[in-house]
Amino acid sequence: MKQTFIIIVTCGLLACNQQTKKIQVLQNRMDSLQKKLSDTYKPGFGEFMSAIQAHHSKLWFAGKNENWKLADFEVHEIMEGIENIQKFQTERKESQMIEIIYPALDSINKAIQQKNFSLFKSSFTLLTNTCNNCHRAANFEFNVVKIPDTQPFSNQVFKVNASN
Ligand code: HEC
């Protein structure tokens, strides 16, 4: 009886030991995954904004040339940038303000659908003012955006070409 008891306790202890080892292995794996995750490159708020800046400029020249397919592409690139800020920059309080840009983007989308340059122009002005309003609200008032006067990329065609 005593012997059986000792055997049971020993087996129990061994099983417990195995369990502890397994937990330790899992813990190590979790720690290394956590480290990998925190070392993963994530673009900063300013980098997302720089990409949005390029698309803001391209959008203007696409609209100005009534190249509606390109304009549609560019406005969606801006929307993607905004969504990325909402997804990847949750720790920045400014991200909560980003949705103030949606009415201007909706208006641009409408102008593109209607192929209406005068609506496009007023919507683009609204968009640009909204960029600046948010910069002011975020204490980045020194960061002023305007309607561009020269094409941003000389290696891209903004006019509607034969293939469009
Ligand atoms: C949340 C409100 C908000 C909106 C809306 C917004 N921005 Fe910004 N923007 C910021 C903040 C905050 C920064 C500073 C980012 C940083 O800390 O690097 C910034 C930075 C920038 C920069 C500087 C990037 C650099 O590193 O040189 C540009 C250019 C810019 N924004 C363009 C735009 C344009 C164009 C729009 C509109 C289409 C826009 N922003 C809309 C908040 C906003």
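**Close-up 1. Where α2 meets α3 in this predicted model.** On the α2 side, the residues taking part are F45, F48, M49, I52, H55, H56, K58, L59, A62 and G63. Facing them from α3 are W68, L70, A71, E74, V75, E77, I78, G81, I82, N84, I85 and F88. Sort the residues of this contact by type and you get 14 nonpolar, five polar and three charged.

**Close-up 2. How α2 and α3 cross.** A pair of packed helices is described by the angle between the two axes and the distance between them. Here, α2 covers residues 45–64 and α3 covers residues 68–88. Their axes come within 8 Å and cross at roughly 165°, so α2 runs roughly antiparallel to α3. The crossing of α2 past α3 is left-handed.

**Close-up 3. R92 paired with E94.** The side chains of R92 and E94 form a salt bridge, with 3.0 Å from N to O. R92 is partly exposed, its relative accessible area being 28%, while E94 counts as buried at 10% relative accessibility.

**Close-up 4. K146 paired with D149.** In this salt bridge, the closest N and O atoms of K146 and D149 are 2.9 Å apart. D149 counts as exposed, with 60% relative accessibility.

Technical notes:
Residues are numbered from 1 along each chain as its sequence is written. This is a predicted model: local features need pLDDT of at least 70, side-chain atom pairs count only at pLDDT 80 or more; totals for chains, interfaces and linings use all residues. Side-chain values use heavy atoms; hydrogens and water are left out. Axes are lines fitted to C-alpha atoms, for helices over the stretch in contact, and angles run from 0 to 180 degrees between N-to-C directions. Helices (H or I, at least four residues) and strands (E, at least two) are DSSP runs, numbered from the N terminus. Angles under 35 degrees count as roughly parallel, over 145 as roughly antiparallel, 65 to 115 as roughly perpendicular and the rest as oblique. A crossing is left-handed if the near helix is turned anticlockwise from the far one by less than a right angle, and right-handed if clockwise. Contact means heavy atoms within 4.5 Å. Ala, Val, Leu, Ile, Met, Phe, Trp, Tyr, Cys and Pro count as nonpolar, Asp, Glu, Lys and Arg as charged, and the others, Gly among them, as polar. A salt bridge is a side-chain nitrogen of Lys or Arg within 4 Å of a carboxyl oxygen of Asp or Glu. Buried means under 20% relative accessible area, exposed over 50%, partly exposed in between (1.4 Å probe, protein chains only).
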